[in-house]
Amino acid sequence: MSERIVYLDHAATTPIDPRVYEAMQPYLSGVYGNPSSLHTFGQLARRGIDRAREKTAALIGALPEEIFFTSGGTESDNWAIRGLAEAGRTAGKGAHIVTSSIEHHAVLESCRAMEHRGFSVTYLPVDTAGRIDPADVSAALRQDTVLVSIMTANNEVGSIQPIAEIGILLRARGIPFHTDAVQAVGHIPLDVNVLGVDALSLSAHKFYGAKGVGALYVRRGTTISPLLCGGAQERDMRAGTENTAGIVACGRAAEIACAEQTAEEERLRAYTELLRERIGKIRRISFHGDRDNRLAGVLNFGIAGIAQDTLLIRLDLAGFAVSAGSACSAGAAQVSHVLRAMGCSEDVARTCIRVSLGRHTTREDVLSFAETLAAIAEELQ
């Protein structure tokens, strides 16, 4: 039994970093002006947003004017899918979208909504490691393809996609390319120019920022329809008074990630390999996702014969917080669409859980979890 509750669900959300919390505090009290106001109160808030935009842009190799703040990853994904696709159709380029079968629901449901608007969508398969083949993307392209959206890293199994390879072939065809990088930003080095993407979604609470704020990167010169009409906020693209404190927190979190993500990735990869080694001795355990091309802190596995709900409850009672996969589908009865697309049977998919390590995870946490899991598995088997 763990002496404290050990949080191992960082892929769902990360705790706000104390340094981020400190940075946003003034904007919750003293700096309360509307960023659109011309007086001193407003301009103090505006400067905070401007600095945050610069720091967020630096994290992904973008220009500050290419960053549009949103309420989070889901909004950014919805805006990218709808805004880019509608702009393409309005320009007479067509009404065909290409995406993958393992995207986050924010992308999948947006694509299904576009089907109701007259678009056709191709959902590409993945291999057993959860990876897209760039050749499949190329084969799916048509004369009327107006958008391709492929996630950078999967939220359930951590597999990282060959985004730069896909970006090269799409740039040659002049087709807009969006990537949902919500799970990847702040955890692996990303440069939008190296990736060759025209739009990229991110969410601050996935890299130790505040909840309720994210951003959409849109490459300069890319045509995208506005998200919200009304005021002139976010350069006439997303009307509404900005979440100043949350945006400042996003900028500070991005700044910290810029400085620390390489060392943190190395540390978490070592811990995840240690965990895999220790729990790999459990009878009938299976691991899912690409072992090499994956997010360092994410490990997805199942133990045959032990339902995920049973395992999650037992681990929670033992002091370990983990999840069954996507936090946005928690409590849903359906089996993981990601694991099914990777070729897992429904029975196997219903045993799988996701452990995701983070900034405050210690070696002792990993060893204690492994020991507890082994004991629970032996008892239940």
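Is F41 buried, exposed or partly exposed? With a relative accessible area of 42%, F41 is partly exposed. Keep in mind as you look around that this is a predicted model.

## Aromatic rings

F41 has a partner to look for. The structure holds 4 aromatic pairs. In the pair made by Y32 and F41, the ring centres are 5.4 Å apart and the planes meet at 25 degrees, so the two rings are stacked. Y32 itself is exposed, and its relative accessible area is 59%.

Over the ring of F68 sits the charged end of R235, 4.1 Å from the ring centre. The ring of F287 has the charged end of R276 over it, 4.4 Å from its centre.

Beyond its neighbours within four places in sequence, F207 is in contact with several residues, among them T14, L59, V185, H187 and C250.

## Helix α6

Helix α6 spans residues 163–173, and its buried residues are I163, I166, G167, L169 and L170. What do these buried residues pack against? Their partners are α5 (134–140), β5 (145–149), β6 (177–180) and α7 (192–195). Just after α6 comes G174, which takes a positive phi of about 70 degrees.

Terms used. Residues are numbered from 1 along each chain as its sequence is written. This is a predicted model: local features need pLDDT of at least 70, side-chain atom pairs count only at pLDDT 80 or more; totals for chains, interfaces and linings use all residues. Side-chain values use heavy atoms; hydrogens and water are left out. Buried means under 20% relative accessible area, exposed over 50%, partly exposed in between (1.4 Å probe, protein chains only). Helices (H or I, at least four residues) and strands (E, at least two) are DSSP runs, numbered from the N terminus. Contact means heavy atoms within 4.5 Å. Rings of Phe, Tyr and Trp (its six-membered ring) pair if their centres lie within 6.5 Å; planes under 30 degrees apart count as stacked, over 60 as edge-to-face and the rest as tilted. A charge sits over a ring if NZ of Lys or CZ of Arg is within 6 Å of the ring centre and within 35 degrees of the ring normal.
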